[in-house]
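The following note sets out points for a colleague who is reviewing this model. The points are numbered, and each may be read beside the structure.

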Amino acid sequence: RAHDFRIDPNANDYSLTVRFTARTVGTMRGELRLRDEIIPPNGLRMVCPPEAISMTFDRKTGKLKKLCSGFVMDRLIGNTGGLCGVQ
């Protein structure tokens, strides 16, 4: 769930930065295939804390140049121990 999108007013002539907040939630309903292991679905619900994310684009090509994520805004929210994912 991404929300609170805003364009960085201090962007330069060569790039454009968009910042937003995201809250990741989900339930493990299908199997998770890792290299040598398959973890069966367990029905556990994950609620991550709000995360600050920024995406910087090249103004000429429109391509993504940089993605910054994983910055927890309030580690006390959710059930992941303050992480942006499961433990």
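Predicted model: local features only at pLDDT ≥ 70, side-chain atom pairs only at ≥ 80, totals over all residues.

1. Ile-39 and its contacts. Apart from residues up to four places away in sequence, Ile-39 touches Met-28, Glu-31, Leu-32 and Leu-34. Ile-39 belongs to strand E5, residues 38-39. Its relative accessible area is 27%, so Ile-39 is classed as partly exposed.

2. The mean pLDDT of the protein is 92, and 99% of the residues reach 70 or more. Among the elements, confidence is lowest in strand E4 (residues 32-33), with a mean of 92, and highest in E7, with 95.

3. Secondary structure. The protein has eight strands and zero helices. Along the sequence the pattern therefore reads β-β-β-β-β-β-β-β.

4. Overall dimensions. The radius of gyration of the protein is 17 Å, whereas a compact globule of 87 residues would have one near 12 Å. Along the principal axes, the C-alpha atoms fill a box of roughly 50 × 30 × 15 Å. Of the 87 residues, 21% count as buried. The protein exposes about 6700 Å², and carbon and sulfur atoms supply 53% of that area. Among contacts between residues at least 6 apart in sequence, 42% join residues at least 24 apart.

5. Pairing around E2. How many bridges join E1 to E2, and in which sense do the strands run? Four bridges join them, and the strands run antiparallel. In this pairing, Ala-2 has Ala-22 of E2 as its bridge partner. E2 is also joined to strand E7 (residues 51-58), by eight bridges and again in the antiparallel sense. Here Arg-19 has Ser-54 of E7 as its bridge partner. Six of the eight residues of E2 are buried, so E2 is largely enclosed by the rest of the structure.

6. The aromatic pair. The count of aromatic pairs comes to one. The ring centres of Phe-5 and Phe-20 are 4.8 Å apart and the ring planes stand at 25°, so the pair is stacked; the cut-off for that class is under 30 degrees. Phe-5 lies in strand E1 (residues 2-7) and Phe-20 in strand E2 (residues 15-22), so the pair ties together parts that are 15 residues apart in sequence. Phe-20 counts as buried, because its relative accessibility is 9%.

7. Thr-21 in E2. Thr-21 lies in strand E2. With a relative accessible area of 7%, Thr-21 is buried; the cut-off for that class is under 20%. Leaving aside neighbours within four places in sequence, Thr-21 is in contact with Arg-1, Ala-2, His-3, Asp-4, Arg-6, Pro-50, Glu-51 and Met-73.

8. The hairpin of E7 and E8. E7 pairs with strand E8 (residues 64-72) in the antiparallel sense, over six bridges. Phe-57 has Leu-64 of E8 as its bridge partner. The hairpin has five residues between the strands, and Gly-62 takes a positive phi near 80° in it.

9. Thr-56 in E7. Thr-56 lies in strand E7. It counts as buried, because its relative accessibility is 8%. Which residues does Thr-56 touch, not counting those up to four places away in sequence? They are Ser-15, Leu-16, Thr-17, Lys-63, Leu-64, Lys-65 and Lys-66. One of these, Ser-15, is 41 residues apart from Thr-56 in sequence, yet the C-alpha atoms of the two are 6.5 Å apart in space.

10. Points to keep together. E7 is joined to E2 by eight bridges and to E8 by six. E2 is joined to E1 by four bridges, and the stacked rings of Phe-5 and Phe-20 belong to E1 and E2 respectively.

Technical notes. Residues numbered from 1 in each chain as written. Heavy atoms only, no water. Phe/Tyr/Trp six-rings, centres within 6.5 Å; stacked < 30°, edge-to-face > 60°. Helix = DSSP H or I, 4+ residues; strand = E, 2+ residues; numbered from the N terminus. Buried < 20%, exposed > 50% of the residue type's maximum accessible area, 1.4 Å probe, protein only. Pairing = 2+ DSSP bridges. pLDDT = per-residue confidence, 0-100. Rg over C-alpha atoms; globule rule 2.2 N^0.38 Å. Contact = heavy atoms within 4.5 Å. Areas by Shrake-Rupley, 256 points an atom, 1.4 Å probe, with all protein chains shown as cover.
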